[in-house]
Amino acid sequence: MIAEGVLTFENKEKQHRYDVAYLRMAAEWSKLSHCNRKQVGAIIVKNGMIISDGYNGTPAGFDNCCENEQGETHWFVLHAEANAITKVARSTNNAQDATLYLTLSPCKDCSKLILQAGIRRVVFAKMYKDGEGVTLLREAGIEVEHIEEKE
């Protein structure tokens, strides 16, 4: 008998296949972003169901332009994971014990949101320029997995 919470080889392989598929979905979702510098996508999965999604962009009701004339990102642009977390907060669902799939690892501020939302696992494709968000999540006991994109 296998102890609860222990993944067998077959279960690990199945989980990896799902992780790759959800990362592909996040990558597709990122294409909806109007940001020129970087397009980031997020998918939140709980109990085998997608419960939320998001991409980086301006708040609802704002012009979709994410950068100023110098190409710098406006301070009010929301990150993909922040959009996904706030979207699920507006629903009847919650992100407790969910998995967050991201095309880019979370920044420090988004890592705080991830912790507060109760997300237990984060899977990402590319590393953000600052790895402190990932460090914070790991220190808090969140399972973090980096699955490199295949070119």
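**Basis.** I worked from a predicted model, in which local features need pLDDT of at least 70 and side-chain atom pairs count only at pLDDT 80 or more, while totals for chains, interfaces and linings use all residues. Residues are numbered from 1 along each chain as its sequence is written, and side-chain values use heavy atoms, without hydrogens or water.

Entry 1: I looked up the second largest pocket and noted a volume of about 410 Å³. It is lined by 18 residues, of which R37, K38, T73, H79 and Y128 are the closest to its centre. A pocket here is an open set of points on a 1 Å grid over the protein atoms alone, where a 1.4 Å probe fits, with protein on both sides within 12 Å along at least five of seven lines; lining residues have an atom within 4 Å of a point. The volume is the space filled by probe spheres set on the points, which are joined across faces, edges and corners. By class, I recorded 8 nonpolar, 5 polar and 5 charged residues in the lining (Ala, Val, Leu, Ile, Met, Phe, Trp, Tyr, Cys and Pro are nonpolar; Asp, Glu, Lys and Arg charged; the others, Gly among them, polar).

**Entry 2: α3 and α4.** I then turned to helix α3 (residues 108–117) and helix α4 (residues 132–139), whose axes come within 7 Å and cross at roughly 25 degrees. The two therefore count as roughly parallel (angles under 35 degrees). Helices are DSSP runs of H or I, at least four residues, numbered from the N terminus; axes are lines fitted to C-alpha atoms over the stretch in contact, with angles from 0 to 180 degrees between N-to-C directions. In contact (heavy atoms within 4.5 Å) are K108, S111, K112, I114 and L115 of α3 with E132, G133, V134, L136 and L137 of α4.

**Entry 3: α2 and α3.** Helix α2 (residues 80–89) packs on α3 at about 25 degrees, with the axes 9 Å apart. I listed E81, A82 and I85 of α2 and C110, L113, I114 and A117 of α3 as the contact. These divide into 6 nonpolar, no polar and 1 charged.

Key: Parallel < 35°, antiparallel > 145°, perpendicular 65-115°, else oblique.
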